[in-house]
Amino acid sequence: MGNKSSQPYEQSDLYKVRHSAAHVMAQAVTELFPDGAAKIAIGPPIEDGFYYDFELPRQLTPEDFEAIEQRMREIINEDHQFNKQVVSAQEAKAEFKGQPYKLELVEGLEAGAVDENGEPLDEAPEISFYTHDSFTDLCRGPHVASTGQINPDAFKLMSIAGAYWRGDENNPQLQRVYGTAWESAEQLEDYLWRLEEAKKRDHRKLGKELGLFYFSDDVGPGLPLFTPKGEIMRHIMEDYVRETQTRYGYQHVWTGHLVKEQLYAKSGHLENYIESMFPALEDDNVNYRLKPMNCPSHMTLYKEMGKHSYRELPMRFGEFATLYRYEKTGELTGLTRVRALTQDDCHIFCTPDQIEQEFTLALQLIREVLGRYHFDDYRVDLSLRGDEGKFVDDPEKWSRAEAALRSALDKNGVEYQEAYGEAAFYGPKADIIARDVLGREWQLSTIQVDFIQPERLGLSYVGEDNQEHTPVVIHRAVTGSTERFMGVMIEHFAGAFPVWLAPVQAVLIPIADRHVEYAQNVATLLKDNGLRVEVDDSNDRMGGKIRSAQTQKVPYMLVMGDKEAEAGQVALRLRSGEDLGAISVDDFIRRAQDDIAAGS
RNA sequence: GCCGACGUAGCUCAACGGUAGAGCAACCGCCUUGUAAGCGGUAGGUUAUGGGUUCGAUUCCCAUCGUCGGCUCCA
């Protein structure tokens, strides 16, 4: 969000400006379709702007934007006052006769049950109108005093998209017009620049340019193919997490790709996620599924490994398993939303008393790993069960799990915000949401407490009291999935990865053909020292070779001509453009290894 | 899955009812090079796929597939 003050966004001037801009836009659009042909729904401010939902006689196109914006500027320049008026439900219904969505909202308000999003409210709210010029909207406010307070040079209509009425896919789909609005033209410029910058960093574009991964219609949607460069990055990323987990006392297991459907019926996943699983493979009346999650497999493995004593706990099972999820085609996006994903998933089997210590350990591990990837700005969402929906009905276990998570968060001094209804069906979760260099948020890590599945799957351990107890399982992921995390990394670093992660760490650039042999010898030496290097022996001139290494964002360029070959040196250029001159090969190796160790 | 836009050479894009064109990349040759593009040549497309309209379709229409922007969903 663009506001610098500590004041909540909802109370800021910008919020009012955007909310008011939404009303002005709604007026302009309704005027485009006279005689009440335009049905208006809702139009709130959002991060960076606002939207308004309409049902219209025809589809709007971006060509309509100019006329709408033009009319909006007129309304702004006429400086109409926003007038609030508290009314009775009766009056409200009279005003919005012929506006079915507004009538539905009024009825909701009248019943005192729900707000404009259909969320329950505690007390019956007052019903109010805001009117400016000829346009009246059912609205709680607040607004700016008059339309003139919207800067006519600082707003822009952005896009049109379909959106379901009240966000429910069973409801009719409306046309949503998105706009952005700011206090000054400079702020608008800056915002549009940030969008451009985000576009330049788009991992789908960079992934192709850097030759990391591809999608193919022949293989299928959401099923990425990784090139040698892409694969080495995956490998480095997974190795790093694996090594860190081992250091933290985790063990790794392997549970394959196919599982009998029956197991997911027992765990509860089948009823909750059947439409997100690939169709079953049938063999002799037994159905198998491509594994969409690891937990039931890990729990089954725990069970098969014999009777467990409390002395063995906690047991921490990690696995880099490729899972297959039947995401709807419209939901697929580059590497961030795929149908084949490799999770760095762990399940920790522990006693209730150990939850806090295990949570702390997982949090430490997550902090270390995210730090290595230059993520140090993150927040935590505590996702709790809602009143209705998929959540397993066992209030006692839920409150124990929630209490355990809260106390673990508090003990670790972690600030968090609570999100009702966002939990997994089997338990609450703490999600770690990191901010990248453009200030965008990504949900990466997660820690979840599960009191439900272990019991359903019949897990147990023998306690000090020689009685059988059900262990608690903590589900935990650090980077989430390798694919998605790689996509986030590409955008975070704009493709200029830290040396330790760069698929090619150095390109060797012989100036003339006679230097190629020397370059190859140096390359061998560097490879022997664990560095990933390439020799550019193409016909290009040095400038061309530098250019192509630059566009590939290779951290080091090692130029070598007669002088260097003679002295056993390399001329080091960094991708920043800095020319560090000739240094010995040993000095370069030392420098590279230092950079790798430092994570830079 | 839903709404909308889009789909032309490996990539970025042009043409547009009259059997497709550029730059980069690729390949071949010349140059032998000092910190972001040396020069020349060659090759490359059933214009996503399948139907339809038309004397004629890459262009217009329909369907399918895919991509993009949203919605919904996210163990």
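Modeller: A residue is near a molecule or strand if its C-beta atom, placed from the backbone, lies within 6 Å of it. This is a predicted model, where local features need pLDDT of at least 70 and side-chain atom pairs count only at pLDDT 80 or more, while totals for chains, interfaces and linings use all residues. Residues are numbered from 1 along each chain as its sequence is written, and chains are lettered from A and ligands numbered from 1 in the order in which they are written.

Biologist: Which residues come nearest to RNA strand B?

Modeller: Gly-162, Gly-167, Ser-276, Gly-330 and Gly-561, out of 52 residues around RNA strand B.

Biologist: Which element gives the most to that surface?

Modeller: Helices (H or I, at least four residues) and strands (E, at least two) are DSSP runs, numbered from the N terminus. Here H16 leads, with seven residues.

Biologist: How do I read a helix pair?

Modeller: Two packed helices are described by the angle between their axes and the distance between the axes. Axes are lines fitted to C-alpha atoms, for helices over the stretch in contact, and angles run from 0 to 180 degrees between N-to-C directions. Helix H7 (residues 228-247) packs on helix H11 (residues 355-372) at about 150 degrees, with axes 11 Å apart. H7 is therefore roughly antiparallel to H11 (angles over 145 degrees count as that).

Biologist: Which residues of H7 and H11 make the contact?

Modeller: With contact meaning C-beta atoms, placed from the backbone, within 7 Å, H7 brings Tyr-240, Val-241, Thr-244 and Gln-245, and H11 brings Leu-365, Glu-368, Val-369 and Arg-372.

Note on methods. Parallel < 35°, antiparallel > 145°, perpendicular 65-115°, else oblique. Contact = placed C-beta atoms within 7 Å.
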